[in-house]
Amino acid sequence: MPSEPSGGGDLHARRLDLAGTRDFTVAGAGEARRERLAAYLDRWVAHVWDEAVGAPDRPGLALAAVGSLARRDCGPLSDLDLVLIHDPAALPSGDVIVLADRIWYPMWDAKAGLDHSVRTVAQCRQVAETDLAAAVGLLDLRYLAGDAELVAATRAAIDKDWRSALRTRLPQLAESVAARHARHGELAHLVEPDLKEARGGLRDMSVLRALTRAWLADRPHGEVDAAYRHLLDVRDAVHVVTGRSRDRLALPDHDAVAALLGYPDADLLLTDVSRDARTLTYAVDATLRRARQSQRARFLRIGPRRPTLRSLGYGLFEHDGEVVLGAGVDPAADPLLVLRAAVLSARTGRPLAPTTAANLATRSPRLSTPWPAEALALFTDLLASGPGLVATWEALDLAGVVEAWLPEWAAVRSRPQRNAVHRHTVDRHLVEVVVAATTLLDGVARPDLLLLAALFHDIGKVAGSHDHSHTGAGIADAALRRLGLADEDRELVVRLVREHLTLIELATRRDPADPATLASVVTAVDGSAEVLEHLIRLTEADAVATGPSAWTDWRRTLLDRLVRISRAELAQRPAQRRPAGWAPTEVAAPSRPRPPGRARTGPGSGSGDPGIVVEVSSHGSAHELRVVAPDRLGLFADTAGLFAAAGLVVRSAVLRTQEGVAEDVWHVESPSGDAPLAADLERDLARLGAGDRAPLARLTRRTAGRAGAQRGTAGPLRTRAFVVPEASTTATVVEVRAGDRPGLLHDIAGTLTGVGLDIRSAHIATYAGQALDTFYLTTDGGRVLDPAEAALAVAAIIDACG
């Protein structure tokens, strides 16, 4: 191994020899190897300079490095990026050209990959001003030989220009980063990734350095530095294995690169590369946000900067486009706070501030096992958030929250998929399928179960599994028990996971007209039309998220044909599961004794109506409200309106009327943390009953200002309202499915009241951001609606939900 450079010979071979192959499996050896290579190249370039120029420190002329050599992290065969800087006052241009040739030709003769330029200080500044990539590269400028003061002056000028042009350069940098990522894809999910240019690759570390050099934001260190060093190790191994200066980890080189780095198989190598890329991606995204925030503070605000906080509820606020914890809010005091923060982040598309994510991850207490019902409801709300789920889930996963919720996630995190049709790693694919499923919630009785099945459908793609569907069913079963899912619901989700490939395999490989094919479908869904509808949507979501080649028009046509035949067969069979959200017969609500000290409100007690009683039972931010009042037209709408005006979030409700008395039980959340006051609700209901509409004045303002605090929806869902035949002999039963929002119940009930209909009973539920509500309606005179009245009611409800 040569220790002293010389100008002749094959530099390519000497650098490979210097890199060696023995220390690639030694922890920390990569940094030492790259430092050794950089030192050797420094000496080699200095030797070439001495032979070409003669004077080591010739005034007015200097040789400097940019790129990997400047950063001292060059690979065994990285190109040399060199700049010959000259002072035109000290050297005529003709002399500079002659000297440049004396430098470059020996390097070419030595088979060095060379990217070179000859510039004055002014020309360096001009190039940096007009070429963003050149500007970022020149920030790394490092002296190699000649006039050191000339290089220092150039570097200082470049730094000054970079900081002074921030108003235009920061948006340009962000656009350039986004465009590069779009061209080269996400390193974390590519089987043949470009280790340098892809999103999360080596080039992104240059972006982080450029942002810190602008004095706008510091960059994360620790895990980010470790990820960068590991990617450099992989790149070095690619150079050694291929014998070329390559940055792409090509499929034929996977096994050799993995072996050189000490991995037992290439999948483990790709898993670590994916992890590194995700770490760098998150760091770049967060640092760019910090830089934009700092730039706004520096250029757009006059005087001291005062933080602008907008309350999101539950002690969470929006600040500078991020979700942050309020002052004095301790995550240790509320195990559900991390779920609430995640839901708000995903719904609004505003990322969790890195410090907030870290605090939630390290300070949030573990949820009890099985999870409380409220935690499970929040978790499915998170899954129903739509496209915003991807970034929020990624932030939580990097912080360690997801694995705390789902220990099973560790086995699929960053796990590559060799199948060419797949676009993402296993874990990201699971999240993408959830997002795709949020667009397919119409027509399923339980959207929350569909989303849970989407999250777990490929959880069985773990090392050593030969049938991931069956393996995943067992894993999902254990996880769902821990999440507290009811037995019947858990069995449905487990069945969906086990059978998630059945429909597409039968549709593409079997004759749908063959009775055996139909029998296979019936067996897969346990003879249930409801299970079939869930499985159809899971199949489509899986295909859409996998990639275009998995969901072609032809495959869709084949699936549609099988579905039509299967639906026709199952329509002739009795339903195996009851649709959620309504009961086929009404059950009388049991009479409960009134608690001591909460007798009916008498005259002068504040209510003004001796028949109105409100009881509140609180558990943290969750509250059960029992409302007893004389029934009247519009009572339900007024009660729902008061809850919405107070900012309460309705989770579920059962409303019944017996002998002219309404006895309703509501389960609500209070984002503000304040428990609803029974006396206030009693007073306001009495005022509304007397015709005073003032208590609802806050409703419009709050509905407009708190869109992010709704029960949750991934986006606009098609509203469906329909009469359920033969569900009751004493009332017309109408089922409503719609994307939930603040004030929805008030709008529906108010509309029904406006057309003269009475809500005799109601069953209110929300599953994963979709309202599934059932209303027992009669005319004001108490009779069942005739067909025309029922049609009017359905149309009015759809309009109200719109």
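**Exercise 1. Find the ring that the charged end of Arg-163 sits over.**

Solution. Go to Trp-215: the charged end of Arg-163 sits over its ring, 3.8 Å from the centre. The rule here asks for NZ of Lys or CZ of Arg within 6 Å of the ring centre and within 35 degrees of the ring normal.

A quick note before going on: this is a predicted model, where local features need pLDDT of at least 70, side-chain atom pairs count only at pLDDT 80 or more, and totals for chains, interfaces and linings use all residues. Residues are numbered from 1 along each chain as its sequence is written, and side-chain values use heavy atoms, with hydrogens and water left out.

**Exercise 2. Count the aromatic pairs, then classify Trp-371 with Trp-405.**

Solution. Rings of Phe, Tyr and Trp (its six-membered ring) pair if their centres lie within 6.5 Å; planes under 30 degrees apart are stacked, over 60 edge-to-face, the rest tilted. That rule gives 10 aromatic pairs. For Trp-371 and Trp-405, the centres are 6.5 Å apart and the planes sit at 75°, so call this pair edge-to-face.

Next, burial (under 20% relative accessible area, 1.4 Å probe, protein chains only; exposed is over 50%, partly exposed in between). Trp-371 has 7% relative accessibility, so it counts as buried. Trp-405, at 6%, counts as buried too.

**Exercise 3. Classify the ring pair Phe-636 and Phe-775, and say whether they are buried or exposed.**

Solution. Their centres are 6.0 Å apart with planes at 70°, so the pair is edge-to-face. Both Phe-636 and Phe-775 are buried.
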